[in-house]
Amino acid sequence: MKKLIDQLEKEKILSRKDFIYLLENYDDEIRNYLAEKARNITVKQFGNKIYTRGLIEISNYCKNDCYYCGIRCSNKKVERYRLNKDDIMSCCKTGYDLGFRTFVMQGGEDNYFTDDIIVDIIKSIKDLYSDCAITLSLGEKSYESYFRYFQAGADRYLLRHETACEDHYKKLHPHILSLKNRKECLFNLKKIGYQTGTGFMVGSPYQTAENIVEDLYFIKELSPEMIGIGPFIPHVDTPFGNKNSGEMNLTLLLISILRLMIPNSMIPTTTALGTIHPNGREEGILAGANVVMPNLSPISVRKKYSLYNNKICTKEEAAESRNLLQERMKKIGYELSIDKGDFKPIII
Ligand code: SF4
């Protein structure tokens, strides 16, 4: 199997058959072999610097009803909130003072946030913090909306495809949502010029090895600048409340595979990874990730943005605890960067 990994490193892709063989037969030795290669590539590309992004969860209202999501519109137990412009600007000020140079505005698909409101917020952030990048993660929008945000100064957009297989997509989403539209949104974002991020849940209900391979092939085709993957974690108040969580080792293996496939991509070690294991965040870095995204949202709303059970949002996950996170990164040989961390060409 090591030969397959050497081949993946060289050619940056494997056949579907070989990917499936790897996914179904890897063991700890193979995972570590792959992780070491991934780590070496990450260090050559980015040094031992870990980029930080300050996450601002602007609203937990959402018009959609994805079966896996804790803030889906049919979950009546959620205490809904949305931040206003002043709240968001205040998060940016806190984040800037703490050393963050990227602000990620994430939220459900909340109709309150019209394009005019979003554009106004983007412009205001850029006016005050012209040395910072703005990442949006606000779901599916029209080409025109994405274009307006980009013109206003947004630099990056995150939109996980979640699964690249039509059948599987239908098992995770109500019929009103379509994989076709999701993919179209992603290609539109790329076309407009965003640094574009996609990704998927590992171990989501009904996911097969074949589904994961299609995810890898889709990512290869899209060639995103950012790739976010994390284990599926059920939320008790959703139709998938009694499903099992995704596996940490498989998530780590996939982070390493993606690092070999797209060496210069920005890959976060996700909060979900830190949630399923106390060292999940560090393990993600050691598997080839190079980004962390601590929470900058007002403390009063952090628990309310609950996409899955027991999401961590204190200690090292909290932006104000940047020092704690720095310490943990130091212990594994890395340090947090203040650089805004734009995508760059491959330098190896
Ligand atoms: S996954 Fe996103 S779009 Fe789907 S319900 Fe949750 S917040 Fe809304």
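Q: What makes a residue count as one of those around the ligand, and which residues are they?
A: A residue is near a molecule if one of its heavy atoms lies within 4 Å of it, and the residues around the ligand are Cys62, Asn64, Cys66, Tyr68, Cys69, Ile71, Arg72 and Gly108. This is a predicted model, in which local features need pLDDT of at least 70 and side-chain atom pairs count only at pLDDT 80 or more, while totals for chains, interfaces and linings use all residues. Residues are numbered from 1 along each chain as its sequence is written, and side-chain values use heavy atoms, with hydrogens and water left out.

Q: How does the shell around the ligand divide into nonpolar, polar and charged residues?
A: Ala, Val, Leu, Ile, Met, Phe, Trp, Tyr, Cys and Pro count as nonpolar, Asp, Glu, Lys and Arg as charged, and the others, Gly among them, as polar; by this rule the shell holds 5 nonpolar, 2 polar and 1 charged.

Q: Why is Thr102 called buried?
A: Buried means under 20% relative accessible area, exposed over 50%, and partly exposed in between, with a 1.4 Å probe and protein chains only; Thr102 has 0% relative accessibility and therefore counts as buried.

Q: What makes the pair Thr102 and Arg156 a polar contact?
A: A polar contact is a pair of N or O atoms within 3.5 Å, where within protein one must be able to donate a hydrogen and the other to accept it, and residues adjacent in sequence count only if both atoms are side-chain atoms. The side chains of Thr102 and Arg156 make such a contact at 3.0 Å.

Q: Why is Met201 called buried, and which residues does Met201 touch?
A: Met201 has 8% relative accessibility, so Met201 counts as buried. Contact means heavy atoms within 4.5 Å, and, not counting residues up to four places away in sequence, Met201 touches Tyr68, Arg160, Glu162, Leu172, Gln207, Gly230 and Phe232.

Q: Why is strand E4 described as largely enclosed?
A: Strands (E, at least two residues) and helices (H or I, at least four) are DSSP runs, numbered from the N terminus. In strand E4 (residues 133-137), 5 of the 5 residues are buried, so E4 is largely enclosed by the rest of the structure. Both faces are covered, with Ala133, Thr135 and Ser137 buried on one side and Ile134 and Leu136 on the other.

Q: How do you know that E3 and E4 pair, and in which sense do they run?
A: Two strands pair if DSSP finds at least two bridges between them; E3 and E4 are joined by 5 bridges and run parallel. Gln106 has Ser137 as its bridge partner in E4.

Q: What is the order of the sheet of 6 strands, and which strands are its edges?
A: The 6 strands form an open sheet in the order E2-E3-E4-E5-E6-E7, with parallel pairing. The edge strands are E2 and strand E7 (226-231), each of which pairs on one side only.

Q: Why is one side of E8 and of E9 left without a neighbour?
A: The 3 strands of an open sheet follow the order E8-E1-E9 with parallel pairing. Strand E8 (291-292) and strand E9 (335-337) stand at the edges, and because each has a single partner strand, one side of each is left without a neighbour in the sheet. Helix H14 (residues 322-331) packs on this sheet, touching E1, E8 and E9, and its direction makes about 130° with that of E9, where axes are lines fitted to C-alpha atoms, for helices over the stretch in contact, and angles run from 0 to 180 degrees between N-to-C directions.
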